[in-house]
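Subject: Structure for you to look at

Hi,

Here is the structure I promised to pass on. Please open it alongside this note, and I'll go through what turned up.

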Amino acid sequence: MAGRFGYGPSSVADSMTVVNTPSQEFALTNFAYCAPADLGKFASPGSKHALVLVGDSVVLTLCAHQNIPSNHIALNAIQRRHTKVSSGDQISVSRFLPPDNFKLAMLTLELDFVKGRTNKTEQLDAVLLAQQLQKKFIDQAMTTGQRVSFEFCGTNYIFTVIQALLEGQDDSKGLARGMISTETYFVFEASPNSGIKIINQREAASSKIFRHKEFNLQKLGIGGLSAEFTEIFRRAFASRVFPPHVVNKLGIKHVKGMLLYGPPGTGKTLMARQIGKLLNGKEPKIVNGPEVLSKYVGETEKNVRDLFADAENDQRTQGDQSDLHVIIFDEIDAICKSRGSTRDGTGVHDSIVNQLLTKIDGVESLNNVLLIGMTNRKDLLDEALLRPGRLEVHVEINLPDENGRFQILQIHTNKMKENSFLAPDVSLQELAARTKNFSGAELEGVVKSAVSFALNRQISMDDLTKPLDEESIKVTMDDFLHALQEIIPAFGASTDDLERCRLNKIVDCGKRHMLIRERAMLLVEQVKVSQGSPLVTCLLEGPSGSGKTAMAATIGIESDFPFVKIISAETMIGLSEGSKCAQIVKVFEDAYKSQLSIIILDDIERLLEYVAIGPRFSNLISQTLLVLLKRLPPKGKSMLVIGTTSEVGFLESLGICDAFSVTYHVPKLNREDAKKVLQGLNVFAEHDLDFAVKELNDISIKKLYMLVEMAAQGPYGKSAEAIRSGKEKIDLNHFFDILRDISSDNY
């Protein structure tokens with residue numbers, strides 16, 4: 001039995017003789033009875049009853065009775081029929097110790113009269129019946145398939161256990177059993193042609209629309225979404241917790257649909273599936289958007305109608321007593337695009353939207369349906385689908401914060417921790433802090449990657465048949481750090497792109513450049529802490545090569561913001577105006593999904609396709625930038641936009657300069673600044689430095705770096721590597737030769 005049910009008897013079985021119950025009164029109790037002396041074999045000291053496994057199929061509560069002979073057990077007729085024994089037969093009886101989780105969350109019972117079919121119709125109030133059965137059979141074990149007789153309002157009935165669902169259990173497959181508690185939710189079904197009609201079944205549910213009395217989202221595999229789940233419960237389920245007559249008195253209708261939207265991999269599908277499992281309704285129907293489509297005329301619309309067929313039948317036959325039907329649409333944007341936006345010549349997408357609208361909120365609208373849609377592209381959906389009465393609850397499932405990332409990492413590492421595969425040096429809190437802008441799916445990818453590093457250490461590529469030592473597998477912190485190098489978040493900072501913008505790093509360029517950098521970092525702090533300025537914009541203007549892009553990239557890197565992206569003309573070569581605008585808008589839309597973000601608009605005049613002659617610039621891109629530079633991020637999100645330009649006069653004529661909050665002029669280097677840079681590079685001898693600087697007034701830092709690099713390829717046998725390492729110095733005469741080769745106009 002232990003293998004069949006997952007638990008079983010805790011002692012050696014005794015063989016006892018079966019007898020009838022002492023009287024008809026005891027036959028309706030569902031207890032088994034034995035002699036007082038025999039009860040001590042099975043009950044704990046001082047206890048008046050005990051749970052025993054009778055035969056191999058049923059767990060009963062055993063009580064003592066004076067009229068039962070020693071070594072005999074009294075069973076009523078239904079119990080004898082279930083265990084397939086007669087009076088006088090021998091049956092095995094053993095003590096049964098229930099496991100820790102043995103309380104029934106839900107018990108589905110089929111009702112019938114004890115005497116079988118009858119010509120009269122009997123109405124049974126599910127509320128009163130549930131109360132009496134709970135009181136009568138509290139702390140008694142029930143097994144799937146078990147039959148029990150009881151008396152209700154002067155009539156004898158019998159129920160058959162159809163389903164026994166334990167707390168924390170998703171479903172019951174095969175035989176299952178558990179103990180009735182004060183929290184058990186009863187579902188009643190009438191036996192076919194029995195003449196019994198169940199009324200107020202939904203009233204009996206009361207606050208038990210959910211299978212569990214409390215939610216542990218982490219046990220369900222949901223991390224970092226407690227606030228979103230709370231909002232979903234308030235908007236979509238709070239009204240369903242109360243009985244129908246209360247809702248009718250309030251004069252409201254239940255929410256029929258909700259939309260979960262947000263970036264890919266944030267847990268939308270996972271949350272929808274778990275919501276369906278938590279409900280005491282029908283098994284949720286999960287549909288992928290593209291699966292509904294069919295190449296046959298009218299078939300797609302029929303597929304949509306079929307999804308609602310069961311709910312319509314229940315609504316027609318049971319009315320307000322109908323169970324809740326949950327329909328989950330994954331990738332709903334695939335079939336519910338705005339009507340008129342898809343020109344495929346068939347009009348199928350428009351028909352699907354119309355069919356859905358009719359079913360959710362048509363003339364014969366359903367009140368027993370909850371439609372959950374999920375999408376990454378809310379903007380593509382038809383507006384009529386999103387209004388109140390339809391998919392009216394819109395919940396954004398966003399990227400997790402640090403605490404959410406910690407919960408997700410805990411969920412994905414729990415098993416390896418329980419089985420001692422997680423090394424003690426792994427700090428999930430530190431990993432949560434390092435994984436800014438990682439989605440839940442990307443965090444799972446990090447864990448998988450870390451495990452792959454750990455497993456790879458145990459495999460010999462020279463001999464793949466070598467036995468593996470499972471005990472030595474340990475996933476270490478180094479494995480996770482290596483995994484972070486492999487898994488790059490889709491909405492993270494473009495660190496590589498930023499580093500390419502400052503190949504020579506940042507050196508001391510003098511007080512003027514330092515002051516601009518300090519003021520820009522103050523803007524970063526303002527974005528972090530200010531409640532009144534969620535959008536701050538800054539324009540760095542100055543001559544070409546003065547270091548504007550390098551300064552902007554440095555600000556982005558040192559800000560430690562989770563989202564930093566650079567928009568430059570070099571990534572848009574060959575694109576049309578419309579494509580460039582779409583790409584710029586997408587970067588801004590991605591930034592709005594992050595708590596803190598920086599966007600760098602590099603060489604704005606190049607983005608605008610500015611030239612001095614001919615077609616001057618792209619008005620479409622210009623208007624797009626003007627709109628984006630003034631559009632505030634969503635509530636709770638903050639953004640810093642840094643622009644760079646060498647044509648400030650041109651931008652002023654377009655009004656773009658006015659769109660920036662503050663403008664800083666980044667100048668070329670004077671002699672004092674150039675000396676600071678050369679001192680930092682340490683490529684000149686001390687006595688040569690002053691001579692070199694005299695010829696370097698008003699030079700761009702980019703040009704200065706170029707001169708130094710060219711001079712480092714010096715004559716007289718000096719190697720560039722030796723000069724860069726500081727072992728040798730640039731020859732001054734060679735430096736002047738290079739300087740003379742370059743026109744002063746290019747400074």
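A word on residue classes before anything else: Ala, Val, Leu, Ile, Met, Phe, Trp, Tyr, Cys and Pro count as nonpolar, Asp, Glu, Lys and Arg as charged, and the others, Gly among them, as polar. This is a predicted model, in which local features need pLDDT of at least 70 and side-chain atom pairs count only at pLDDT 80 or more, while totals for chains, interfaces and linings use all residues. Residues are numbered from 1 along each chain as its sequence is written, and side-chain values use heavy atoms, with hydrogens and water left out.

A cavity, on a 1 Å grid over the protein atoms alone, is a set of points where a 1.4 Å probe fits but cannot get out; a pocket is an open set with protein on both sides within 12 Å along at least five of seven lines; and lining residues have an atom within 4 Å of a point. Grid points are joined across faces, edges and corners, and a volume is the space filled by probe spheres set on the points. Helices (H or I, at least four residues) and strands (E, at least two) are DSSP runs, numbered from the N terminus.

The structure has two cavities of 30 Å³ or more. The second largest cavity has a volume of about 30 Å³, and its lining consists of A520, L523, C538, I555, L640 and I642. Two elements, α19 and β23 (638–645), each give two or more residues to that lining. By class, the lining of the second largest cavity has six nonpolar, no polar and no charged residues.

The largest cavity holds about 40 Å³ of space. Around it sit N30, V58, L60, I78, Q79, H82, T83, Q146 and R147. The largest share of this lining, four residues, comes from α4. By class, the lining of the largest cavity has three nonpolar, five polar and one charged residues.

Now the helix pairs. Axes are lines fitted to C-alpha atoms, for helices over the stretch in contact, and angles run from 0 to 180 degrees between N-to-C directions. Contact means heavy atoms within 4.5 Å.

Helix α19 (residues 511–529) packs with helix α20 (residues 548–559) at an angle of about 40°, their axes 10 Å apart. That makes α19 oblique to α20 (angles under 35 degrees count as roughly parallel, over 145 as roughly antiparallel, 65 to 115 as roughly perpendicular and the rest as oblique). From α19, H513, I516, R517, A520, M521, V524 and K528 meet M551, T554, I555, E558 and S559 in α20. By class, this contact of α19 with α20 has six nonpolar, three polar and three charged residues.

The other pair is helix α16 (residues 440–456) and helix α17 (residues 477–486), at an angle of about 125° with axes 8 Å apart. α16 and α17 are therefore oblique to each other. On the α16 side the contact includes V446 and F453, and on the α17 side it includes F480 and L484. The residues of this contact of α16 with α17 divide into eight nonpolar, two polar and two charged.

Last, the largest pocket, with a volume of about 1,200 Å³. Its lining has 45 residues, of which R500, C501, R502, T549 and A550 lie nearest its centre. α27 gives the most to the lining of the largest pocket, with five residues. That lining divides into 17 nonpolar, 13 polar and 15 charged residues.

Best wishes
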